[in-house]
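Open the model in your viewer and keep the selection panel at hand.

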Amino acid sequence: MTIHFDIEHTTRYRFARPVMFGEHRVMFRPRDSHDLRVLATDLLVHPEPDDIRLIQDVYSNSIAIVQPRSPASELELVARFTVEHVGTRVLDLPLDPSAEGYPFVYRDDEREILLPFLTPWYDDPAGIMANWAHQFVQPAGNVGTREILVAMTRHIRDSMIYRPRYEEGVQTPYRTIELNSGTCRDFATLMIEAVRHLGYAARFVSGYLWSGEGDPRGNGHIEPGATHAWVQVYLPGAGWLPFDPTNNLVGGDELVRVGVSRHASQASPVRGTWFGCPTDYLGMDVDVQVRKRL
């Protein structure tokens with residue numbers, strides 16, 4: 001079934017007095033493909049920018065290079081877009097016969113391209129990450145390639161506690177295991193590192209989640225939604241497949257992807273600079289609205 005989402009993402013930076021702005025990189029346009037089609041996009045910037053350039057980064061993410069007009073005591077960026085989502089049926093897609101059982105091996109031509117996504121980001125000298133990952137591999141063998149990923153997704157959701165954290169950055173996977181808690185980007189990072197230790201190619205995905213909680217406004221839209229992070233794993237024959245360990249989602253149509261990268265630090269929605277005294281910075285406000293058209 002085709003679903004349409006209207007999404008508005010507002011980021012506002014506040015300062016005690018006018019400051020000068022440097023260049024800002026805004027990742028806001030969804031990555032369209034056979035399952036997700038972008039119908040409309042708009043980017044509003046206040047104060048009005050001197051220049052906006054649209055480029056593709058090294059991962060083919062759509063990036064807006066914005067030079068805000070300055071000086072100013074506030075910077076507001078509003079990204080709006082409408083997408084058509086047909087969903088991803090992860091459990092229905094057939095795998096290459098050689099990849100149905102674990103372990104499997106990527107073809108040489110695939111492995112050459114996937115190498116950055118096969119290589120763990122964090123060093124693991126004590127084998128903590130490798131040991132955690134191998135708990136999902138049955139000692140007797142004969143385990144399905146996809147079943148390992150489904151089990152790990154469910155395990156993180158069922159055994160770990162989601163705790164919001166508003167500072168920038170991501171926990172190391174070792175810290176997430178130690179605390180048994182984290183945010184969506186922490187859980188995604190943990191799963192990515194774990195499956196890389198098992199020989200899977202995996203990448204970080206940033207975007208939006210439609211939570212599907214009722215219709216509080218009674219105006220024909222379902223709210224709310226949120227920025228979100230999850231995982232894509234490459235399986236021969238099926239391609240890049242989404243797994244969301246925060247919500248135990250395997251495919252479906254609740255996830256709207258915007259950017260992909262090897263690590264969470266490379267997929268920030270907004271990144272830029274400003275010039276002034278450190279005490280001038282008063283904070284940042286973020287508001288996200290995800291509406292599903294009925």
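## Cavities, then surface

Searching the whole structure of this predicted model turns up two cavities of 30 Å³ or more.

**Stop 1: the largest cavity.** Select His-9, Thr-11, Val-26, Met-27, Phe-28, Leu-43, Leu-77, Val-78, Ala-79, Tyr-208, Pro-269 and Val-270, which line the largest cavity. Two elements, β1 (3–27) and β5 (72–85), each give two or more residues to this lining. Colour β1 on its own: its four residues are the largest share of the lining. The space inside the largest cavity is about 70 Å³. Colouring the lining by class gives ten nonpolar residues, two polar ones and no charged ones.

**Stop 2: the second largest cavity.** Now select Thr-189, Ile-192, Glu-193, Phe-204, Arg-262, His-263 and Ala-264, the lining of the second largest cavity. Its volume is about 40 Å³. Which helix gives the most to this lining? Show helix α5 (residues 184–197), which contributes three residues. By class, the lining of the second largest cavity consists of three nonpolar, two polar and two charged residues.

**Stop 3: a surface patch.** Switch to a surface view and select Tyr-281, Met-284 and Val-286. These residues form a nonpolar patch on the surface, and together they have about 260 Å² of accessible area. Keep Val-286 selected and show strand β17 (residues 281–293), in which Val-286 lies. Val-286 counts as partly exposed because its relative accessibility is 46%, which falls between the 20% limit for buried and the 50% limit for exposed.

How values were computed: Residues numbered from 1 in each chain as written. Predicted model: local features only at pLDDT ≥ 70, side-chain atom pairs only at ≥ 80, totals over all residues. Heavy atoms only, no water. Patch = residues over 30% accessible without salt bridge, like charges linked within 9 Å, V, L, I, M, F, W, Y side chains within 5 Å. Areas by Shrake-Rupley, 256 points an atom, 1.4 Å probe, with all protein chains shown as cover. Salt bridge = Lys/Arg side-chain N within 4 Å of Asp/Glu carboxyl O. Buried < 20%, exposed > 50% of the residue type's maximum accessible area, 1.4 Å probe, protein only. 1 Å grid on protein atoms, 1.4 Å probe; cavity = no way out; pocket = protein on both sides within 12 Å on 5 of 7 lines; lining within 4 Å. Points joined across faces, edges and corners; volume = space filled by probe spheres on them. Nonpolar A, V, L, I, M, F, W, Y, C, P; charged D, E, K, R; others polar.
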